[in-house]
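Okay, everyone, thanks for coming. Have the sequence and the structure up on your screens, and let's walk through a few spots together.

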Amino acid sequence: MTAARPLAAIYVRVSTQDQVQHGFSLDAQQESLINYAKALGYEIYKIYRDEGKSGKDMKHRSEMMQMLKDAEEKKFSAIFIYKLDRFSRSLKDLILTIDQLKEWGIDFVSLQDKIETASATGKLMFQIIGAFAEFERNVIGDRTKFTMGRKAREGGFITKAPKGYQLVNKKLILGEDPDQIKRIFEEFLNSEISLTQLAKKNNLTTAGIKKLLQNTTYLGKVKFAHQESQGQHPVLVSKQLFEQVQSKMKEKGWI
C-alpha cells in the first residue's frame with residue numbers, strides 16, 4: 001500500500017507594480033511551484049493567491065492570513081513560495097513568520113532562493129532565522145522596557161490607580177475622598193484595630209488593606225522594574241506617617 005504523500009500549500013503574490021516593472025506573473029509562479037512541490041513528493045493542498053497586493057504589510061493580504069491560519073491548524077506540512085520577497089519585503093515580518101512556522105512544524109521552501117528545510121543546509125538556515133527572530137523579540141522587549149522606564153523616571157504613572165486616586169488621561173489625580181487614605185494610615189497607627197477590622201471598615205479585603213498600607217504611591221513615588229522614581233501625582237501620606245506604619249507592621253509580624 002502506497003503511503004499518503006505530504007500536503008503542501010502554494011503561496012503566490014504579485015503587485016500591480018511588479019507586473020509592470022518585472023513581468024512577474026501569478027500563473028508563472030504558480031506553475032513553477034506546483035511542479036517543484038510535486039517533484040519533491042508533495043501533493044498540493046491549496047493555492048493561496050494575493051493579486052495586486054503590496055509586500056510591505058502581511059496583515060492586509062487576506063490569502064496570506066488564511067494560509068497562516070491553516071498552517072497553525074496543521075492542514076498541510078509545507079509552504080512553497082517563489083521568492084522570499086513574494087512572502088514579505090519586511091525582514092522583521094519575514095524572520096518572525098518563518099520562525100513561527102518552525103514552531104508549528106511547517107516546512108518552508110523558497111524556489112528561487114534555494115531555501116528548504118529537508119536538507120542540512122536548509123535546517124541550518126532555519127536555525128539562523130530562528131536566532132534572528134529571538135534577537136528581534138529581545139530588541140522589541142528592551143525597547144518597551146526602556147520606554148516604560150523612561151516614563152516612570154519622568155514621573156508618569158504606568159499601572160492602574162490605587163484607592164484615593166483616579167486615572168485621567170494616563171495621569172493620577174485625586175479621587176473622590178483622598179483624605180480617606182490618611183485616615184486609614186492614622187487609625188492603624190494610633191489604635192489597636194486589626195487588619196481584618198480595618199479592611200472591613202473600608203470595604204477592602206485583608207490583603208487589600210495590607211497592600212494599601214505598603215503602597216509607596218501615596219508618598220508620590222512611581223515604581224517600575226523594582227526601581228522607584230518621584231512621580232508627578234499628589235502626595236497623600238507624609239513620609240513620617242508612612243514609615244511609622246511600616247514599623248508597626250513589622251512589629252506585629254505582618255510584613
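So, what does Thr 216 touch, once we leave aside its neighbours within four places in sequence? Thr 216 is in contact, meaning heavy atoms within 4.5 Å, with Lys 221, Glu 228 and Phe 242. You'll find Thr 216 in the loop between helix 9 and strand 7 (221-224); helices (H or I, at least four residues) and strands (E, at least two) are DSSP runs, numbered from the N terminus. Thr 216 has 18% relative accessibility, so it counts as buried; buried means under 20% relative accessible area, exposed over 50%, and partly exposed in between, with a 1.4 Å probe and protein chains only.

Quick word on the model: it's predicted, so local features need pLDDT of at least 70 and side-chain atom pairs count only at pLDDT 80 or more, while totals for chains, interfaces and linings use all residues. Residues are numbered from 1 along each chain as its sequence is written, and side-chain values use heavy atoms, with hydrogens and water left out.

Now the core. A nonpolar core here is a set of buried Ala, Val, Leu, Ile, Met, Phe, Trp, Tyr and Cys residues joined through side-chain atoms within 4.5 Å. The largest one has 21 residues, and Phe 185, Leu 213, Tyr 218 and Val 237 touch the most other members. At least two residues of this core come from each of helix 7 (179-190), helix 8 (195-201), helix 9 (206-213) and helix 10 (239-252). There's also a second, separate core of 20 residues, with Tyr 48 and Trp 104 among them.

On to the rings. Rings of Phe, Tyr and Trp (its six-membered ring) pair if their centres lie within 6.5 Å; planes under 30 degrees apart are stacked, over 60 edge-to-face, and the rest tilted. That rule gives eight aromatic pairs. One of them is Tyr 36 with Phe 80, edge-to-face, at 6.0 Å centre to centre and 80° between the planes. Tyr 36 is in helix 2 (residues 26-39) and Phe 80 in strand 3 (residues 78-81), so this pair ties together parts 44 residues apart in sequence. Buried or exposed, what is Phe 80? Buried, with a relative accessible area of 0%, whereas Tyr 36 is partly exposed at 25%.
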